[in-house]
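This report describes one protein structure, part by part. Keep the structure in view while reading.

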Amino acid sequence: MIVILKPDATEEQLQHLIKKTEALGLKAHISRGVERTIIGFIGPEDVLRVTPLEVFPGVESVVPVLAPYKLVSREFKKELSVIKLKDDIHIGGKQIIVMAGPCSIESHAALLEIAKEVKKAGATVLRGGAFKPRTSPYDFQGLGEEGLKYLQEVGQATGMATITEVMDARDVELIGKYSDIYQVGARNMQNFTLLKELGMTQKPVMLKRGLSATIKELLMSAEYILSKGNFNVILCERGIRTFETATRNTLDINAVAVVKELTHLPMMVDPSHATGYWNFVGAAAKAGVAAGCDGLMIEVHSNPQQALSDGAQSLLPEKFESLMGELRLVAQAVLRQI
Ligand code: PEP
Ligand code: MN
C-alpha cells in the first residue's frame with residue numbers, strides 16, 4: 001500500500017499518520033521527493049478495511065501496490081535510485097560504474113598490482129573475494145580477515161571504493177569494517193537471514209541473481225533488504241543455469257531491460273561469471289551496456305593461469321583496458337558514460 005501525501009501536508013500530519021498506522025501493525029517507509037512525500041506501508045493490509053488511510057488529514061491518495069515486491073517496485077518510486085558507493089562514486093545515474101579485480105584476494109602485492117591497472121583503465125570500484133563460495137570444500141576458500149585488510153589497504157592506496165562477498169550473517173559486522181559495499185553472491189540470494197541482517201545496515205548491497213532464480217525471486221530478495229530499512233541495493237545479472245553447456249552460464253540480457261522497468265534500483269551485469277571464459281567476456285559486457293545496465297563487474301588477473309579461482313574467465317589487465325575503450329563507445333551510443 002502506498003500513500004501519497006498532499007503537497008502541503010504538514011510534518012505533524014505525517015507523524016500522526018505514522019503513529020496511528022504503527023498501532024495497527026504497519027511499518028512505514030517514507031520517501032521524500034522534491035514535490036511530495038510518499039509512504040510505503042508494509043504489514044497486514046486487511047486492517048485498512050476498518051481504518052481506511054484516505055480519511056487521514058494530509059493524505060491525497062492511497063494506491064495499492066499490486067506487485068509482491070513493494071518498496072523495490074517502480075510503483076513505489078518512479079525516479080531511478082542513485083546510490084552512493086563512496087565519496088563521489090554513484091551508481092544509477094548517467095555514469096556506468098565498472099567494478100573490477102580478481103575473483104579472490106590472493107596477496108597484498110597481487111591485489112595492488114591488479115588494482116593499479118584496473119584503476120588506470122577507468123574502474124572505480126575494486127572487487128576481490130575474501131570469503132569464497134566454492135563448489136568444493138577442498139578448493140581455496142579465501143584469505144578471510146587477512147584478505148579484507150588487503151582490500152581496505154589497496155582501496156585506500158588507489159582511491160577506489162571496495163566490494164567483497166559476505167556469505168554469512170555472522171560476518172556482516174566484520175566485513176562492514178573493511179569494505180564499502182557488500183556483495184551477496186548468487187548462491188546466497190535467498191539466504192534470508194543474511195538479507196535481513198544486511199537490511200539493518202546502511203551500506204550499499206550488491207545482490208546477485210541466483211543460479212536458477214527468476215527475476216521475481218531476485219526482486220523479492222531485494223525487498224527483504226529494503227523492508228528492513230536499507231534502500232541502498234544494487235541488483236546484478238550474472239548468468240543463469242540453462243541447458244547450454246558451451247558457456248558456464250547463460251547471460252539473461254532480457255533481465256536488464258525487465259528489471260529496469262520493474263524497479264527503481266540500479267542493475268548491473270557480471271559478464272565474467274555469465275560466460276565463464278575470458279574470450280566471451282567482452283561481448284557480454286558490451287551487450288550489458290547496450291541493454292541499459294548501470295554497472296559492470298569484471299574479473300581481472302595479472303596471471304590468470306595461476307589464479308586461485310576463476311582464472312579461465314579472468315581478463316589480463318591489457319585486455320581489460322582495451323575492452324574499456326570499446327565499452328566507452330557503446331556507452332556513448334546509448335547516451336551513457338563510462
Ligand atoms: C564472484 O563474484 O566471485 C562470485 C562467486 O560470483 P557469483 O556469486 O555470481 O557466482
Ligand atoms: Mn569469481
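This is a predicted model: local features need pLDDT of at least 70, side-chain atom pairs count only at pLDDT 80 or more; totals for chains, interfaces and linings use all residues.

## A buried loop residue

A residue counts as buried when its relative accessible area is under 20%. Leu26 has a relative accessibility of 3%, so it counts as buried.

Leu26 is found in the loop between helix H1 (11–23) and strand S2 (27–32). In sequence, Leu26 and Gly43 are 17 residues apart, while in space their C-alpha atoms are 4.7 Å apart.

The protein is divided into two parts: domain 1 covers residues 2–63 and domain 2 covers residues 83–333. The C-alpha centres of domain 1 and domain 2 are 36 Å apart.

The largest nonpolar core has 72 residues. Those that touch the most other members are Leu207, Leu235, Ile298, Phe320 and Leu327. Helix H6 contributes the most to this core, giving six residues. Both domains take part, since at least three residues of the core come from each of domain 1 (2–63) and domain 2 (83–333).

## The cavity

How many cavities of 30 Å³ or more does the structure hold? There is one. The largest cavity has a volume of about 30 Å³.

The lining of the largest cavity is made by Met1, Ile2, Gly40, Phe41, Ile42, Val65, Lys70, Leu71 and Phe76. Strand S3 (residues 37–42) supplies the largest share of this lining, with three residues. By class, the lining of the largest cavity has seven nonpolar residues, one polar residue and one charged residue.

## Aromatic pairs

A pair of aromatic rings is described by two values, the distance of the centres and the angle of the planes. A search of the whole structure gives three aromatic pairs. In one of them, Phe76 and Phe231 are 6.3 Å apart, centre to centre, with 55 degrees between the planes, and the pair is tilted. This pair links distant parts of the chain, as Phe76 and Phe231 are 155 residues apart. Phe76 is in the loop between strand S4 (59–63) and strand S5 (83–86), and Phe231 is in the loop between helix H6 (215–227) and strand S12 (233–237). Phe76 has a relative accessible area of 2%, so it is buried. Phe231, in contrast, has 25% relative accessibility and counts as partly exposed.

Another pair is made by Tyr277 and Phe280. Why is this pair edge-to-face? The planes of the two rings are at 80 degrees, and planes over 60 degrees apart count as edge-to-face. The centres of the rings of Tyr277 and Phe280 are 6.1 Å apart. Tyr277 is partly exposed, with a relative accessible area of 36%. Phe280 also counts as partly exposed, at 37% relative accessibility.

## The second largest pocket

The second largest pocket holds about 250 Å³ of space. It is lined by 19 residues. Which of these residues lie nearest the centre of the pocket? They are Pro133, Arg187, Arg248, His273 and Asp310.

The lining of the second largest pocket divides by class into three nonpolar, five polar and 11 charged residues. In the lining of the largest cavity, by comparison, seven residues are nonpolar and one is charged.

Note on methods:
Residues are numbered from 1 along each chain as its sequence is written. Chains are lettered from A and ligands numbered from 1 in the order in which they are written. Side-chain values use heavy atoms; hydrogens and water are left out. On a 1 Å grid over the protein atoms alone, a cavity is a set of points where a 1.4 Å probe fits but cannot get out, and a pocket is an open set with protein on both sides within 12 Å along at least five of seven lines; lining residues have an atom within 4 Å of a point. Grid points are joined across faces, edges and corners, and a volume is the space filled by probe spheres set on the points. Helices (H or I, at least four residues) and strands (E, at least two) are DSSP runs, numbered from the N terminus. Ala, Val, Leu, Ile, Met, Phe, Trp, Tyr, Cys and Pro count as nonpolar, Asp, Glu, Lys and Arg as charged, and the others, Gly among them, as polar. Rings of Phe, Tyr and Trp (its six-membered ring) pair if their centres lie within 6.5 Å; planes under 30 degrees apart count as stacked, over 60 as edge-to-face and the rest as tilted. Buried means under 20% relative accessible area, exposed over 50%, partly exposed in between (1.4 Å probe, protein chains only). A nonpolar core is a set of buried Ala, Val, Leu, Ile, Met, Phe, Trp, Tyr and Cys residues joined through side-chain atoms within 4.5 Å. Domain bounds come from an automatic or database domain assignment.
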